[in-house]
Structures are given as structure tokens and as C-alpha cells.
Amino acid sequence: MLHWNTNNIVAKVFLMLRDVMLRLHNNSFSILALAMKVKYAKLVMLNNMTMFTVDDLSIFSGSHTYISNVRFYIVPNYYLSIMDLEKLSIGTTLPTLQPG
């Protein structure tokens with residue numbers, strides 16, 4: 001039987017985030033991958049998350065503040081599928097990593 005201690009869990013989350021960042025980078029979402037690296041300390045503490053993003057081309061076409069504002073695009077500790085998002089009422093406010 002395998003017992004997970006805190007170090008094992010952190011290592012597992014690290015590997016998962018690293019894999020996600022690599023996949024994003026390889027699929028024209030390298031700015032999001034970089035933003036995740038910058039915000040790693042906050043992301044590693046989450047149980048789950050939903051991220052909203054645009055591709056690199058869109059960012060380079062005018063969304064130059066994306067990395068500093070990435071905290072607004074992450075819904076911490078929630079996994080929202082497309083079906084969940086479609087059920088939300090117009091004007092629904094979702095929590096973000098931005099305090100307050």
C-alpha cells in the first residue's frame with residue numbers, strides 16, 4: 001500500500017503542473033505556461049482550478065498585461081466543465097485568485 005505524505009503530494013502536483021505547462025507551451029499557449037510558472041507558489045496550493053485563457057497570438061495582438069493579471073483568469077479550487085459553464089446565469093461572478 002502506498003501512503004502519500006505531504007512531500008509526495010507536493011511532488012505529484014509539481015509534476016502535474018509541469019506537464020500542463022509543457023503541453024500549453026507546445027500548443028500555442030506559452031504565455032499562459034509562463035504565467036503559471038510565475039504564479040506557481042499559489043497554484044501548487046490549490047486542490048483544483050479552472051483557467052480561462054487566450055492563445056499567444058491573441059495576447060501579442062493587444063493583451064500585453066496578461067501575465068500580471070493572470071490571477072483574474074483562475075477560478076481556484078473549482079473544476080468547471082463546459083456543461084457547468086453553460087448552466088451559469090448571465091452575470092454570474094466566479095471567485096478568482098485576486099483577493100477581495
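How many salt bridges does a search of the whole structure find? The search finds 1 salt bridge, and it has its own view below. The model shown here is predicted.

**Figure 1. The whole chain at a glance.** The chain has 100 residues, and 23% of them count as buried. Its accessible surface is about 7400 Å², with 60% of that belonging to carbon and sulfur atoms. Looking at contacts with a separation of 6 or more, 60% are made by residues 24 or more positions apart.

**Figure 2. The salt bridge of R23 and D19.** This view shows the 1 salt bridge that the search of the whole structure turns up. The side chains of R23 and D19 meet here, at 2.9 Å from N to O. Both partners belong to helix 1, which covers residues 6–26. They sit 4 residues apart, about one turn of the helix. R23 is exposed, as its relative accessible area is 53%. D19 is partly exposed, with a value of 35%.

**Figure 3. D56, a buried charge without a salt bridge.** Here we turn to helix 4, residues 56–60, where D56 lies. D56 is buried, yet it has no salt bridge. How far away is the nearest side chain of opposite charge? That side chain is K37, and it is 15 Å away. What the side chain of D56 does reach is the backbone nitrogen of I31, at 2.9 Å. Setting aside residues up to four places away in sequence, D56 touches S28, F29, S30 and I31.

Figure 4. S28 lies in the loop between helix 1 and helix 2, the latter spanning 30–38. Most residues other than glycine have a negative phi. S28 is not a glycine, yet its phi is positive, at about 70°. This residue is partly exposed, with a relative accessible area of 46%. The C-alpha atoms of S28 and V54 are separated by 9.4 Å, while the two residues are 26 apart along the chain.

**Figure 5. T50, a buried residue in strand 1.** Welcome to strand 1, residues 49–51, where T50 is found. Is T50 buried or exposed? T50 is buried, with a relative accessible area of 6%. Its side chain reaches the backbone nitrogen of L80 at 2.7 Å. Beyond neighbours within four places in sequence, the contacts of T50 are Y73, I74, V75, Y78, Y79 and L80.

**Figure 6. N77, another loop residue with a positive phi.** N77 lies in the loop between strand 2 and helix 6, a helix that covers 82–87. N77 is a residue other than glycine, and its phi is positive, near 60°. With a relative accessible area of 39%, N77 is partly exposed.

**Figure 7. A nonpolar patch on the surface.** Which residues form the nonpolar patch in this view? They are F52, F72 and Y73, and together they have about 260 Å² of accessible area. F72 has its place in the loop between helix 5 (66–69) and strand 2 (74–76). F72 is partly exposed, with a relative accessible area of 41%. Y73, another member of the patch, is also among the contacts of T50.

**Figure 8. L97, a buried residue after helix 6.** The tour ends in the segment after helix 6, where L97 lies. L97 counts as buried because its relative accessibility is 14%, and buried means under 20%. Not counting residues up to four places away in sequence, L97 touches K42, L43, L46, R71, I74 and P76. I74 is a residue that T50 contacts as well. The C-alpha atoms of L97 and V75 are separated by 6.8 Å, and these two residues are 22 apart along the chain.

Notes. Residues numbered from 1 in each chain as written. Predicted model: local features only at pLDDT ≥ 70, side-chain atom pairs only at ≥ 80, totals over all residues. Heavy atoms only, no water. Patch = residues over 30% accessible without salt bridge, like charges linked within 9 Å, V, L, I, M, F, W, Y side chains within 5 Å. Areas by Shrake-Rupley, 256 points an atom, 1.4 Å probe, with all protein chains shown as cover. Salt bridge = Lys/Arg side-chain N within 4 Å of Asp/Glu carboxyl O. Helix = DSSP H or I, 4+ residues; strand = E, 2+ residues; numbered from the N terminus. Buried < 20%, exposed > 50% of the residue type's maximum accessible area, 1.4 Å probe, protein only. Lys, Arg positive; Asp, Glu negative; His and termini not counted. Polar contact = N/O pair within 3.5 Å; in protein donor to acceptor, adjacent residues only side chain to side chain. Contact = heavy atoms within 4.5 Å.
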